[in-house]
Amino acid sequence: MRRILKGLKLHRPDEMERHILFKAQRNAYLFLVAALVIWSFCESLRVYIHHSRLNLLPCLLLTAAVLIQSLSQLILTRRAVKDDEDSCETGPLVKLVVLSCAIAAAAVTAAAAVALMSVRV
């Protein structure tokens with residue numbers, strides 16, 4: 001087993017490969033966000049035309065994708081400037097707290113929407 005693992009050389013990507021990988025991941029993320037936006041509008045239009053129940057899945061997925069992307073960007077920014085003496089930026093910490101509150105509010109709103117949709121009048 002060790003021979004097999006030893007025979008495999010771990011390849012560290014160079015700057016150009018990392019840039020290409022980053023662009024590919026960004027394009028995939030933008031495609032998924034655009035697909036979720038279109039799906040959300042189609043679901044809203046279906047509810048408006050047919051007066052049926054709203055499917056919250058595309059809206060929740062879109063909200064989760066945007067919140068995860070924002071949260072990870074803020075965490076990575078915070079880690080990047082954490083040990084830098086020249087940077088006295090506390091903005092990422094404040095943004096992290098605000099974003100955490102926004103995530104909590106979105107979760108409570110989603111739970112309330114599910115609860116209200118399940119109640120029959």
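## The largest pocket

The lining of the largest pocket is made up of ten nonpolar residues, two polar and no charged (Ala, Val, Leu, Ile, Met, Phe, Trp, Tyr, Cys and Pro count as nonpolar, Asp, Glu, Lys and Arg as charged, and the others, Gly among them, as polar). The model is predicted: local features need pLDDT of at least 70 and side-chain atom pairs pLDDT 80 or more, while totals for chains, interfaces and linings use all residues. Residues are numbered from 1 along each chain as its sequence is written, and side-chain values use heavy atoms, without hydrogens and water.

The volume of this pocket is about 190 Å³. Among the lining residues are Leu56, Cys59, Thr63, Ile103 and Thr109. Helix 4 gives the largest share of the lining, six residues.

| Helix | Residues | Supplied to the lining |
|---|---|---|
| Helix 3 | 57-81 | at least two residues |
| Helix 4 | 91-118 | at least two residues |

## Helix 3

Helix 3 has 25 residues, which should span 36 Å at 1.5 Å a residue, and its end C-alpha atoms are 36 Å apart, in agreement. Its buried residues (under 20% relative accessible area, 1.4 Å probe, protein chains only) are Pro58, Leu62, Leu67, Leu74 and Val81.

## Glu43

Glu43 belongs to helix 2, residues 15-50. Glu43 counts as buried because its relative accessibility is 13%. Beyond its neighbours within four places in sequence, Glu43 is in contact (heavy atoms within 4.5 Å) with Leu54, Asn55 and Pro58.

How values were computed. Helix = DSSP H or I, 4+ residues; strand = E, 2+ residues; numbered from the N terminus. Buried < 20%, exposed > 50% of the residue type's maximum accessible area, 1.4 Å probe, protein only. 1 Å grid on protein atoms, 1.4 Å probe; cavity = no way out; pocket = protein on both sides within 12 Å on 5 of 7 lines; lining within 4 Å. Points joined across faces, edges and corners; volume = space filled by probe spheres on them. Expected span 1.5 Å × (residues − 1).
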